[in-house]
Amino acid sequence: MQLKIYKSLWGMEGSLEEQFERIANAGYDGVESAVKEISNVKKFSQLLQHHSLDYIPLIYTEGEDHILDFVRQLGIAVQFNPKKIIAHAGRDRWSESEQVSFFRKMVEIETEYGIPIAHETHRRRPFYSPVHTLKILQEVPDLHLNADLSHWCCVAESMLEEYDEAINLVADRAIHIHTRVGYENGPQVPDPRAPEWESHVLAFESWWQKIIESHKLRGEAELTITPEYGPSSYMHTLPYLNMPVADLWDVCLWSAERMRKLVNK
């Protein structure tokens with residue numbers, strides 16, 4: 001099974017040309033970014049082609065009609081012929097029946113377009129917690145996920161010791177991973193390379209290992225990941241100075257290398 005590593009444009013600086021060049025030179029397989037942030041589809045496509053990079057679009061739904069907003073953005077995303085799409089879709093405040101109905105419709109859209117859609121386990125969205133995610137997955141068996149378990153840690157205020165059932169089901173439904181390490185009080189540790197966070201890194205890697213093993217058991221040809229660490233205010237900063245406590249680019253490279261070793265174990 002091949003590991004394909006994507007670099008998020010979140011937090012990157014410089015022109016789009018400079019960002020793509022840096023990503024390609026670092027050995028990433030592709031880029032991940034929000035569809036709504038693409039101002040020039042032709043230019044974005046040309047840069048992908050020039051640097052031989054794949055693209056995973058992110059779709060964030062807002063407004064009164066989340067299905068309509070998703071389909072509008074999907075119309076842009078399909079122009080890039082993506083292998084999969086990551087979705088921040090729906091709302092946590094909806095009733096459970098509304099959420100189940102919404103995701104059944106999303107499965108229909110996925111089937112119609114023939115592109116796997118990975119719904120992210122994210123705060124403010126229906127998959128904000130392990131308990132609620134488990135309920136929806138049991139009701140909608142064909143739904144796929146992007147596993148970003150850092151959000152669950154701060155929502156559950158724990159390292160998920162009591163949520164094995166939810167983690168095991170996510171392992172079988174995840175088709176992408178955001179490999180960011182969170183902790184009991186936030187979605188991103190200050191610096192995952194620091195020894196004081198080693199136990200948290202190892203916990204997350206044990207969950208990611210379940211996803212890896214599930215992929216292998218299903219005979220998947222590849223696993224896609226994004227070491228999606230974020231800038232301030234995700235990244236901790238020094239008080240008053242507002243200086244980041246770690247280098248975002250280096251942390252992402254470190255995370256990517258950890259995943260290479262994990263997959264090749």
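**A parallel barrel and the helices packed around it**

Leaving aside neighbours within four places in sequence, His-51 is in contact with Glu-17, Phe-20, Glu-21 and Ala-24, where contact means heavy atoms within 4.5 Å. The place of His-51 is in the loop between helix H2 (41–50) and strand E3; helices (H or I, at least four residues) and strands (E, at least two) are DSSP runs, numbered from the N terminus. His-51 is buried, with a relative accessible area of 19%; buried means under 20% relative accessible area, exposed over 50%, and partly exposed in between (1.4 Å probe, protein chains only). The structure is a predicted model, in which local features need pLDDT of at least 70 and side-chain atom pairs count only at pLDDT 80 or more, while totals for chains, interfaces and linings use all residues. Residues are numbered from 1 along each chain as its sequence is written, and side-chain values use heavy atoms, with hydrogens and water left out.

Eight strands close into it in the order E1-E2-E3-E4-E5-E6-E7-E8, with parallel pairing; two strands pair if DSSP finds at least two bridges between them. From one strand to the next, the twist averages 30 degrees. Strands of a sheet pair through backbone hydrogen bonds, either parallel or antiparallel. Here, E3 and E4 pair in the parallel sense over three bridges, and the bridge partner of Leu-58 in E4 is Ile-86. Strand E6 (residues 144–147) and strand E7 (residues 174–178) likewise pair in the parallel sense over three bridges, with Ala-174 of E7 as the bridge partner of Leu-145.

The side chains of E4 are also worth a look. In a regular strand the side chains alternate between the two faces of the sheet. From E4, Ile-85 and Ala-87 point one way, Ile-86 and His-88 point the other way, and all are buried.

Next come the helices that lie on the sheet. Helix H3 (residues 66–77) packs on the sheet and touches strand E3 (54–60), strand E4 (85–88) and strand E5 (117–120). The direction of H3 makes about 165 degrees with that of E3; axes are lines fitted to C-alpha atoms, for helices over the stretch in contact, and angles run from 0 to 180 degrees between N-to-C directions. H8 also packs on the sheet, where it touches E6, E7 and strand E8 (222–226), and the direction of H8 makes about 150 degrees with that of E7.

H3 has a helical partner as well. The axes of H3 and helix H4 (residues 96–113) come within 11 Å and cross at roughly 20 degrees. That makes H3 roughly parallel to H4, since angles under 35 degrees count as roughly parallel, over 145 as roughly antiparallel, 65 to 115 as roughly perpendicular and the rest as oblique. The crossing of H3 and H4 is right-handed, a crossing being left-handed if the near helix is turned anticlockwise from the far one by less than a right angle, and right-handed if clockwise. His-66, Ile-67, Phe-70, Val-71 and Leu-74 in H3 meet Phe-102, Lys-105, Met-106, Ile-109 and Tyr-113 in H4. By class, this contact of H3 with H4 has eight nonpolar, one polar and one charged residues; Ala, Val, Leu, Ile, Met, Phe, Trp, Tyr, Cys and Pro count as nonpolar, Asp, Glu, Lys and Arg as charged, and the others, Gly among them, as polar.

Ile-167, Asn-168, Ala-171 and Asp-172 of H7 meet Trp-207, Lys-210, Ile-211 and Ser-214 of H8, a contact with four nonpolar, two polar and two charged residues. Within H7, Ala-166, Ile-167, Val-170, Ala-171 and Arg-173 are buried, and what covers the buried residues of H7 includes helix H5 (130–139), E6, helix H6 (150–156), E7 and H8.

Helix H8 (residues 198–217) and helix H9 (residues 248–263) pack at an angle of about 50 degrees, with their axes 10 Å apart. That makes H8 oblique to H9, and the crossing of H8 and H9 is right-handed. Among the residues making the contact are Trp-208 and Ile-212 of H8 and Trp-254 and Leu-262 of H9. The residues of this contact divide into eight nonpolar, one polar and three charged.
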